[in-house]
2 protein chains.
Amino acid sequence: MNNTKVCLANRPIGLPSPSAWSYQTSPLGPLKEGEILIKQHYISIDPAMRGWIREGKSYIPPVEIGEVMRAGTVGEVVKVNKNDHFKVGDFVSGAGGVQQYTCTNGQGFYKINTKHAPLTTYLGALGMPGMTAYFGILEVGKIKTGDVVLVSGAAGAVGSLVGQIAKLKGCKVVGIAGGAEKCKYLIDDLGFDAAIDYKNNNVFSELKVHCHDGIDVYFDNVGGDILDIALLKLRRHARIVICGAISQYNATAEIKGPSNYLSLLVNRATMQGMVVFDYADRYHEGMAQIGSWLADGSIKTREDVYEGIDKFNDTLLRLFSGEKIGKLLLKVS
Amino acid sequence: MNNTKVCLANRPIGLPSPSAWSYQTSPLGPLKEGEILIKQHYISIDPAMRGWIREGKSYIPPVEIGEVMRAGTVGEVVKVNKNDHFKVGDFVSGAGGVQQYTCTNGQGFYKINTKHAPLTTYLGALGMPGMTAYFGILEVGKIKTGDVVLVSGAAGAVGSLVGQIAKLKGCKVVGIAGGAEKCKYLIDDLGFDAAIDYKNNNVFSELKVHCHDGIDVYFDNVGGDILDIALLKLRRHARIVICGAISQYNATAEIKGPSNYLSLLVNRATMQGMVVFDYADRYHEGMAQIGSWLADGSIKTREDVYEGIDKFNDTLLRLFSGEKIGKLLLKVS
């Protein structure tokens, strides 16, 4: 039985090209005592991946050249060699990497129940994107009933959940996304109060209409110009959650800092960064709540699934082209 | 008896030139019932003034063209027409404006006790700069014993107090200031642990030495490149207090936003703006504490005093040239 894995060949400058990766196929060896073998079904494709292959200090060490590319995965245990925690047939999630099979002692993997939700949901609403949205908007954004909440990357895995959670908590929610289809999705399917198509409209003018009296919370997934525009519409004591900056991840020049940051002073506002791992000891709480919202239909999700480990780089690029809606996944089984 | 007042003639672009102001001298009229006449002794010259003459929404309405320039003042009541709160001989502080005499119903002015501290201290450590430092570093910076605190504009009215308060609270304090004289003052007179001369040294290299394990709190008075460098040395859960951005106040191009703001994400850090007015109902607490520190010698202050209302623009420019140490004042009596 062979395993194909995708390793980092070099650190890309700008958008990753196929040459950033080396594909390595080799036979699977025998399991050591305590190990399990996971046949991966889906690989999570996330904006954070672009950061993980950049050199330098960050919230997690970078993937080294030659290493298997880091990725969240869901799969099935197909072999076990004396491991008390897992048995053949268990479905598990963890950072299995961009490969077809993962051989591990099981540390960092947890069992998932496919009766409660489809396998892929554990990489979306019940996975990192869900936990990021949940703890980000509630703990860092500190939303209250009646708040005006703006979210960018609103049709993405995190943004779409942020907006829906804020609606459930009694906020007015405005989403920013690229293109008419995404904007229609935000309003018709997800129940956002308004949507701004940044590709075809002037974001500042639209904000004046939809957030006429200002923004209490801005959940930022994109950075760049949109962060700068949002800063201009802060209400007093507003909170900005810095979750990501996808517009800047492939920047080859210096990152564009928010020129309007002095709006934080004028409005006694706060800009705070978040990393979801800090809430690991409360994931059970987030999963229970989101699970219940999914079950009763309060929260809807959408997936964008590609197939074949050879499509890894193409799929990754869809994060940055803005073509996809919802959670991006690569099916590898 | 004549009053000379300095009015805003036009909104300067870049550094204010003398032509930004019109000097108007006219006889003082009789007081209306309830009014008092204050003979001003000192006018406070503050970085915030540059913001007050800029058009557009801020934390306070701009000074309008033709209006007396806004300024904090200390002076003496010399005439009263049926006012129960003030009597001739009272010393008072308030926003008297850049003029020799202020005629007012007394609203916004409060009596000060020149036995407790010299008159000028009420524009410094016991005035807005003192309150800004006190509430900024304690309430927004949330310093704790053992924190590493970095402060820019460290030899200024606010920065010098921020550093001393942080020392009194058991922090390690590093100040950034321009020139060897200021740096010597920070260490020898104010007891800072280290000082970085940004005019003659590489701030990033010096930070690596003096804040080797990172910064818990950065109190920013200057913005620009120094804010960007400080962002690179944040510890996890660091707090940045945005108090001012003097390096940017005379910018004629777009303000330089902090390119390294994603360090907030990596370090789960917070950048929060502050305006001292929000703490008005607690000024008594700040004044009592700083007053006691002044009395027992725990806190030292320095003043830079110029004389003559005709020197207003020259004095104002000293804020931006970096020539002065401590609180800048204009004596007008």
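Predicted model: local features only at pLDDT ≥ 70, side-chain atom pairs only at ≥ 80, totals over all residues.
Residues are numbered from 1 along each chain as its sequence is written, and chains are lettered from A and ligands numbered from 1 in the order in which they are written.

**Where the chains meet**

Let's start with the interface.

Now for the strand link. β13(A) is joined by three bridges to β13 of chain B (residues 270-273), and the two run antiparallel. M271(A) sits opposite M271(B) in β13(B). Strands count as paired if DSSP finds at least two bridges between them; the elements themselves are DSSP runs, helices being H or I with at least four residues and strands E with at least two, numbered from the N terminus.

**Two domains in chain A**

Chain A splits into domain 1 (2-124 + 302-331) and domain 2 (128-277), with bounds from an automatic or database domain assignment. Their centres, taken over C-alpha atoms, are 28 Å apart. Domain 1 and domain 2 of chain A put 15 residues each into their contact. The domain 1 side of that contact has six nonpolar, six polar and three charged residues.

**The core and its strands**

The largest nonpolar core has 206 residues, and V149(A) and V149(B) have the most contacts inside it. Such a core is a set of buried Ala, Val, Leu, Ile, Met, Phe, Trp, Tyr and Cys residues joined through C-beta atoms within 7 Å. Buried means 20 or more other C-beta atoms within 10 Å of a residue's own, exposed means 12 or fewer, and partly exposed is in between, with C-beta atoms placed from the backbone. Leaving aside residues up to four places away in sequence, V149(B) touches I143(B), A166(B), C171(B), K172(B), V173(B), D216(B), V217(B) and F219(B). V217(B) is also the bridge partner of V149(B) in β11(B).

That brings us to β11. In chain A, six of the six residues of β11 (residues 215-220) are buried, so the strand is largely enclosed by the rest of the structure. β11(B) is mostly covered too, with six of its six residues buried. Here are the strand pairings around β11 in both chains.

| Strand pair | Sense | Bridges |
|---|---|---|
| β8(A) (residues 148-152) and β11(A) | parallel | three bridges |
| β11(A) and β12(A) (residues 234-242) | parallel | five bridges |
| β8(B) (residues 148-152) and β11(B) | parallel | three bridges |
| β11(B) and β12(B) | parallel | five bridges |

In chain A, L150(A) has Y218(A) as its bridge partner in β11(A), and D220(A) stands opposite I242(A) in β12(A). In chain B, F219(B) is partnered by V241(B) in β12(B). From β11(B) the chain crosses through α6(B) (residues 224-231) to β12(B), a right-handed β-α-β crossover. β11(A), α6(A) (residues 224-231) and β12(A) likewise form a right-handed β-α-β unit. Right-handed means that, with the strands pointing away from the viewer, the path from the first strand over the helix to the second runs clockwise.

**Helix α2, well wrapped**

Eleven of the 13 residues of α2(A) (residues 128-140) are buried, so this helix is largely enclosed by the rest of the structure. Among them are M131(A), F135(A) and V140(A). The buried residues of α2(A) pack against α3 (157-168), β11, β12, β13, α8 (283-295) and β15 (327-331) of chain A. Just after the helix, K142(A) takes a positive phi of about 50°.

In chain B, eleven of the 13 residues of α2(B) (residues 128-140) are buried, so that helix is largely enclosed as well. Its buried residues include Y134(B) and I137(B), and their cover includes α3, β13 and α8 of chain B.

How values were computed: Contact = placed C-beta atoms within 7 Å. Nonpolar A, V, L, I, M, F, W, Y, C, P; charged D, E, K, R; others polar.
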